[in-house]
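This report concerns a helix pair and the salt bridges of the model shown below.

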Amino acid sequence: MTLTFFWIFGVIAMGSALLCITRRNPVVCALWLVVTLFALAAMYVMLDAQFIAALQVLVYAGAIMVLFLFVIMLLNLGRPGPTDIKGPVGLLLAAVLAGTLLFQLRVLGGAQALPPSAIQLPPGSLAALQARQGIVGAVAGPLFETYLVPFEIASVLLLAAIVGAVVLAKRKL
Amino acid sequence: MLLSPALEISAVLFTLGVAGVLLRRNTIVIFMCVELMLNAVNLTFVALAQPLGIGGQVFVFFVMAVAAAEAAVGLAIILAVYRHKQSVSLQNMNLLKD
């Protein structure tokens, strides 16, 4: 049952991603990408990552895509350009390169590349951890203990991004 | 067990992102395709967090932080380029070519 729904949302995600890269109108592209992000959030729920799913909807589908749509509408790019998608040569090149990459990824992600059963946790241990510590607490614990230094570095990165965005977008300092 | 389907879907999504970057000329759409690739990697992290521990879900946080920073700076760069060229098409960004 879960597997069926997982594949349904997976097909939704892949189909809307395909529509996202083939539609000419940038606004339509952005909206199809939002559909992909929502389908991914549903898949996260089925993978025992409910908090990540909520963050996906809030941060990605909410904040980041609004930023994209804001810039598209600010620059008045809502109309599709005549040369937005490359011609037959570009299409062929993209198809060949992407096909090669998909083949390589499928070989890398094949059955022999799955984690060995010796290092795998017993099934249901993640759900048990979440039942013990809470869905948010299970993620917050390692975030503020094991990964405390990366967390602080991420705050510096975000500060640098804020300053950089203001400096780049401002007409005259 | 949802690991194998998740890895399959993630591989396809990443490939679609790469194809979009190669196929499109609109800079903003190319940025959206980069976001698609980041999301495919996020799906892999979340799927592998199930058998290998919660660390994968923590990493998704950092990927989201980097994606947000990248989107903010990238769109600011696009705005700055648009002010000079009046266009966001990659065809018009050829200063280094000539």
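A residue counts as buried under 20% relative accessible area, as exposed over 50% and as partly exposed in between (1.4 Å probe, protein chains only). The model is predicted: local features need pLDDT of at least 70 and side-chain atom pairs pLDDT 80 or more, whereas totals for chains, interfaces and linings use all residues. Residues are numbered from 1 along each chain as its sequence is written, chains are lettered from A in the order in which they are written, and side-chain values use heavy atoms, without hydrogens and water.

**Salt bridges**

Over all chains, the structure holds 2 salt bridges, each defined by a side-chain nitrogen of Lys or Arg within 4 Å of a carboxyl oxygen of Asp or Glu.

| A:Asp84 | B:Arg24 | 2.8 Å |

B:Glu8, by contrast, is partly exposed at 32% relative accessibility, and A:Arg106 is partly exposed at 46%.

**Helix pair in chain B**

Helices are DSSP runs (H or I, at least four residues), numbered from the N terminus. The axes of α1(B) (residues 3–23) and α2(B) (residues 27–52) come within 8 Å and cross at roughly 165°; these helices are therefore roughly antiparallel (an angle over 145 degrees).

Notes:
Axes are lines fitted to C-alpha atoms, for helices over the stretch in contact, and angles run from 0 to 180 degrees between N-to-C directions. Helices (H or I, at least four residues) and strands (E, at least two) are DSSP runs, numbered from the N terminus. Angles under 35 degrees count as roughly parallel, over 145 as roughly antiparallel, 65 to 115 as roughly perpendicular and the rest as oblique.
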